[in-house]
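Reader: Hello! I am new to this structure and would like to learn how to read it. Could you take me through some features, one at a time?

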Amino acid sequence: MLNEFFLENAGSKCTKKAGVKQWLITLQYFKLVSIHHFSMYLITNFSDFQLTCLGGFVLHESVFFLSGLPFILFERAGWFGKYKIQKKNNSPEAQEKCITRLLMYHLCVNLPILLGSYPVFKFMGTRSSLPLPSWKVISTQIIFYFILEDFVFYWGHRILHTKWLYKHVHSVHHEYATPFGLTSEYAHPAEILFLGFATIIGPAITGPHLITLYLWVSLRVLETVEAHSGYHFPWSPSNFLPLYGGADFHDYHHRLLYTKSGNYSSTFVYMDWIFGTDKGYRKLKSLKENERFEAEGKEM
């Protein structure tokens, strides 16, 4: 299949434009070859159980800590201060407490959940064998997972903000009124089970190829770390993706009292918009923009 791909796209005239096109085609070919060989290595040396459970756990931990730890460094070193949403910093002790609890929760809660859910994924058709799914299939499934996760997470999150559940469960996550990347998964074990369901329900229903599952886990982790980062950069996804919440949107949720916070959405904010639970945030944002325009007008 890979050879056919290369031959079908070869044979351009030796013009400058054709040369660039041929170089891109060749690069794409070698990417496909690399993915193919890497997949063959994994399939040959590891079982489906190892790849789904242990491989998924290692991938999650790697993406989570590699993307989340830099925000602790930024906060301690005072880097990117002008992009920090709140001026308050967390103490080193609070940050260390977060990391210690996370390691315990991941090993004692997340890993057992992953091991226990393997029969469900296997029953629904999750596989690691070749051929790999097309990018069209992968992207369609990932979009479906985001839509479904947003819906389930929104209602689960709103329920956690009822008086009893907030006091006994969700308040653990809100110990950090000034969030940083790693606080995204700092939560009561019951909440990990409750809201973790929103993340795995899509793949559990569709039984995707393992590469799709890996990609979904990576994107979901990167999204939630960014939303809890405490920084709003010029390159933040919310500046480019319509309806994307991001750090500024979720930071507002952590700053307010549980009964008035709103902004319950996960990745995209359409659920808050539909049910009017982002009105306070939108009003505050509008006031800040008006103040900025007035200040700029006075300077002129």
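Author: Gladly, and please keep in mind that this is a predicted model. Let us begin with helix 7, residues 189-206.

Reader: What does helix 7 reach from its first C-alpha to its last?

Author: Its 18 residues reach 26 Å, close to the 26 Å expected at 1.5 Å a residue.

Reader: Where does helix 7 bend?

Author: At Ile200, by about 45°. A proline, Pro203, follows within four residues. After the helix comes Gly207, with a positive phi near 55°.

Reader: How should I read the sides of a helix?

Author: An α-helix has 3.6 residues a turn, so residues three or four places apart point the same way. In helix 7, the buried residues include Ile192, Leu195 and Ala198. The buried residues of this helix pack against helix 4, helix 5 (135-160) and helix 8 (210-227).

Reader: Is His254 buried or exposed?

Author: Buried means under 20% relative accessible area. His254 has 3%, so this residue counts as buried. You will find His254 in helix 9, residues 246-255.

Reader: Which residues is His254 in contact with, leaving aside neighbours within four places in sequence?

Author: His173, His174, Tyr176, Ala177, Pro179 and His228.

Reader: And which residues make the nonpolar surface patch of about 670 Å²?

Author: Leu73, Trp79, Phe80, Trp235, Phe240 and Leu241 make that patch. Take Trp79 as one of them: this residue lies in the loop between helix 3 (48-77) and helix 4 (92-124), and at 44% relative accessibility Trp79 counts as partly exposed.

Definitions and conventions: Residues numbered from 1 in each chain as written. Predicted model: local features only at pLDDT ≥ 70, side-chain atom pairs only at ≥ 80, totals over all residues. Heavy atoms only, no water. Helix = DSSP H or I, 4+ residues; strand = E, 2+ residues; numbered from the N terminus. Buried < 20%, exposed > 50% of the residue type's maximum accessible area, 1.4 Å probe, protein only. Contact = heavy atoms within 4.5 Å. Patch = residues over 30% accessible without salt bridge, like charges linked within 9 Å, V, L, I, M, F, W, Y side chains within 5 Å. Areas by Shrake-Rupley, 256 points an atom, 1.4 Å probe, with all protein chains shown as cover. Salt bridge = Lys/Arg side-chain N within 4 Å of Asp/Glu carboxyl O. Expected span 1.5 Å × (residues − 1). Bend = angle between axes of the 7 residues up to and from the residue.
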